Amino acid sequence: MGLPVQRAQVENLYVDAMLLADEAHAAFAAQRDLGRTPGDSLRQIGLACESLKTTTRLMHIIAWLLHRRAMMAGDPGAGPNDSAARIGEPVTADWDICAGFDEPLRRIVAASERLFERIAAIESGWQAPAVAPVQALLARLEARL
């Protein structure tokens, strides 16, 4: 994978992440405002927790993408060994709580998890050492024997 492809991927993913972050903010805020009925405090706590998890997940994604952009631009302060250079462990949603949310909100939470998984897969692919095609073919043949 060449640097121009990586740059285009990072830019496209950055736009996706920012749009999803705006959508998540608006959707969670609307649910927070609509759910202010007495006796519904457990749902409000669940909503607040999942809002925080989704926001944290998206901020990790955005930080990773911004760091990649800085590295690609040659920023001397952005190195491959910085903590921001690693996406880290996922902050997973509690789907028992999310099951009580409206469909659009569940879709946003799921989309943020999928985006995190995509970033993690891309990161691991970029870090993997290149294997020559002949070596890969030999390894597959050895595994079958």
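The model is a predicted one, in which local features need pLDDT of at least 70 and side-chain atom pairs count only at pLDDT 80 or more, while totals for chains, interfaces and linings use all residues. Residues are numbered from 1 along each chain as its sequence is written, and side-chain values use heavy atoms, with hydrogens and water left out.

Begin with the largest nonpolar core, a set of 28 residues in which Phe 28, Ile 61, Leu 65 and Ile 119 touch the most other members. Such a core consists of buried Ala, Val, Leu, Ile, Met, Phe, Trp, Tyr and Cys residues joined through side-chain atoms within 4.5 Å; buried means under 20% relative accessible area, exposed over 50%, and partly exposed in between (1.4 Å probe, protein chains only). Helices α1 (3-34), α2 (41-72) and α4 (103-127) each supply at least two residues of the core, and the largest share, nine residues, comes from α1. Helices here are DSSP runs (H or I, at least four residues), numbered from the N terminus.

Next, select Glu 11 and Arg 69, which form a salt bridge with the closest N and O atoms 3.0 Å apart; the term requires a side-chain nitrogen of Lys or Arg within 4 Å of a carboxyl oxygen of Asp or Glu. Glu 11 belongs to helix α1 and Arg 69 to helix α2, 58 residues apart. Glu 11 is partly exposed, at 31% relative accessible area, and Arg 69 is also partly exposed, at 29%.

Move on to Glu 23 and Arg 107, whose side chains meet in a salt bridge at 2.2 Å, N to O. Because Glu 23 lies in helix α1 and Arg 107 in helix α4, this pair ties together parts that are 84 residues apart in sequence.

Stay with helix α2 for Lys 53 and Glu 50, a salt bridge with its closest N and O atoms 3.2 Å apart, in which the two residues, three apart in that helix, are separated by about one helical turn. Lys 53 counts as partly exposed at 25% relative accessibility, whereas Glu 50 counts as buried at 0%.

The tour ends at Leu 141, which is found in helix α5 (residues 133-144) and counts as partly exposed at 45% relative accessibility.
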